Amino acid sequence: MLTRLKLSNLLTAFFGNKPKYTTKLTPGENDNELKLSVNLLDVTLLRHNDRDEEWRNQDPVIHALLHERDAATAHSTTSTSKRPSSSRTPRPQKKPKTEPPLNIPSVNFASKSRALPATSLNLDVPSGLSRQGTRNFKRRHRKIAKTEAQDEYLVAEDTLLTEDLPATMTWWMGTPFSRRPSDALREAHASTSLDAIWGYLSGVHLVPYQGVATRFLDAAGRLIIFRSRITDNVRQLLPQFLTEARDFVRFCQSMGEAAMQNNRRGQHWFCIAGVDRNNKKVPSYSQWHMQNQALLKKFFAKGTAFYTINLIANALLAQYFPGVALRYEDCMAYTREHFDLSPEYGLYWNWCLNAPRPGVKRVYCDPHVDAKNLALGICIVFVYGFFNHREKAWLVIWEAGICIELPPGVFLLYPSSLFIHFNVDLRGDIQIVTTANGEKPTRENCEPLGMVSEISEEEWEAGHGRGSVVWFNQASMFQTSETGYDTLIEARFKGHSGKADAKKWLGPDGAFTTYNT
């Protein structure tokens with residue numbers, strides 16, 4: 001027979017933290033029975049409140065359940081308390097959270113001419129290729145070399161090193177937002193005054209779009225952020241992609257109003273498709289994916305804009321971050337062999353569409369960090385829509401000290417679990433690049449011209465209609481493939497450190513291409 005103390009200890013040991021519910025033991029119908037009164041929902045959700053961020057579930061459905069449960073509990077506690085206020089025991093004051101000063105980190109970037117990646121200095125044609133294969137190989141690398149000569153290179157000085165960015169001690173994930181300057185940053189960003197917002201962004205390095213790709217290197221010469229140029233084929237696809245995105249939102253189920261309202265990134269329409277291991281021993285498709293599986297196959301059919309943009313995104317990863325692509329391929333091969341699952345989105349297990357919805361006219365993200373994503377990996381963002389990108393919804397990457405213009409048709413590749421990031425509009429007195437002929441950008445002189453008639457001048461100026469697509473990989477998908485064990489607990493029990501091999505992935509032949517600067 002379990003006493004109340006033993007039962008509590010058992011639950012504490014199982015869930016890893018102190019139970020946040022009360023148990024009530026009462027005699028049963030005979031002397032050998034005890035009845036246990038406990039809220040099963042509390043027990044079910046307890047694991048998702050774990051104090052260790054690396055064990056928490058990031059499923060938005062779980063977040064919505066937690067929000068509803070906590071709100072109901074708070075209401076019940078307030079309404080049913082019968083003790084007079086004078087008889088209540090005062091609670092000890094919590095120690096106020098100390099946060100670093102709310103100033104964007106000062107990072108100086110030097111503009112460099114063409115920088116060669118160390119891995120391509122002695123480029124040899126692989127053996128075994130046919131004559132045609134050899135010609136294709138040389139042609140491809142001539143094209144890459146020509147592109148590299150045109151790209152813009154911004155090299156960080158001493159203050160920005162990838163190994164110094166906020167990550168967990170295991171290097172699987174980024175440091176959670178709650179352990180960074182979260183409260184003050186969100187409060188400042190919520191201000192309706194652009195002067196107040198730009199007050200804490202003084203010193204930020206503005207990076208307008210100049211029609212070429214931009215490579216951001218850390219102080220060790222590692223490529224950590226890449227913004228593509230808008231190619232002709234992508235520009236031509238934009239109207240079709242916008243139409244498909246609108247149909248996708250119209251026909252697919254949403255994540256639910258509660259999930260959208262409680263989304264820490266913003267209250268726009270969003271979805272999470274693909275495979276995850278959120279508190280699962282075996283990876284499986286997300287609930288939303290299963291509910292919309294037939295529509296996903298239709299929208300990603302060969303010939304659609306979704307299909308083509310997905311191919312381009314993965315091609316950019318393979319070209320500019322070949323080390324990351326190899327890491328993703330190893331995980332893909334392991335998961336296929338052991339779980340008979342393959343990613344639906346090239347080398348990415350997850351895909352997300354962010355779109356406007358009634359009452360939320362554009363995708364405009366609040367400060368956040370995608371801490372659950374693989375720390376030394378790369379996420380991809382693709383921007384679509386038709387809006388005043390010269391002034392609206394630039395992207396701040398906090399720890400890098402930069403604010404980047406992201407026009408429709410641009411891909412941005414970066415480790416989103418290591419950087420706080422959010423959108424911001426420019427102040428009217430901040431003058432950035434104008435159009436090619438020197439005029440102020442307007443709805444009529446910005447491309448793609450085929451979309452001008454779809455949106456009014458006022459909507460265009462306000463940035464309405466902006467959307468984005470995100471490809472990402474969660475760290476939990478790699479913990480098994482790289483340790484060889486189902487869980488990190490098992491890995492540690494069997495003598496493995498339970499940590500990612502940060503030294504390997506940060507090395508010259510690791511995840512990030514290293515350039516001679």
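User: Which residues does valine 410 touch, not counting residues up to four places away in sequence?

Analyst: In this predicted model, valine 410 touches Tyr209, Arg227, Ser228, Ile230, Val381, Phe382 and Val383. Valine 410 itself is found in the loop between strand E15 and strand E16.

User: Why is valine 410 called buried?

Analyst: The word buried is used for a relative accessible area under 20%, and valine 410 has a value of 1%, so valine 410 counts as buried.

User: What makes helix H11 roughly perpendicular to helix H12?

Analyst: The axes of H11 (residues 305-320) and H12 (residues 322-339) come within 5 Å and cross at roughly 115 degrees. Since angles of 65 to 115 degrees count as roughly perpendicular, that description applies to H11 and H12. The contact is made by Leu317, Ala318, Gln319 and Tyr320 of H11 together with Pro322, Val324, Ala325 and Tyr328 of H12.

User: Why is the pair of phenylalanine 248 and phenylalanine 306 called tilted?

Analyst: The ring centres are 5.6 Å apart, which is set against a limit of 6.5 Å for a pair. The planes stand at 50 degrees, whereas stacked needs under 30 and edge-to-face over 60, so the pair of phenylalanine 248 and phenylalanine 306 is tilted. Phenylalanine 248 lies in helix H7 and phenylalanine 306 in helix H11, 58 residues apart, and both residues are buried.

Key:
Residues are numbered from 1 along each chain as its sequence is written. This is a predicted model: local features need pLDDT of at least 70, side-chain atom pairs count only at pLDDT 80 or more; totals for chains, interfaces and linings use all residues. Side-chain values use heavy atoms; hydrogens and water are left out. Axes are lines fitted to C-alpha atoms, for helices over the stretch in contact, and angles run from 0 to 180 degrees between N-to-C directions. Helices (H or I, at least four residues) and strands (E, at least two) are DSSP runs, numbered from the N terminus. Angles under 35 degrees count as roughly parallel, over 145 as roughly antiparallel, 65 to 115 as roughly perpendicular and the rest as oblique. Contact means heavy atoms within 4.5 Å. Buried means under 20% relative accessible area, exposed over 50%, partly exposed in between (1.4 Å probe, protein chains only). Rings of Phe, Tyr and Trp (its six-membered ring) pair if their centres lie within 6.5 Å; planes under 30 degrees apart count as stacked, over 60 as edge-to-face and the rest as tilted.
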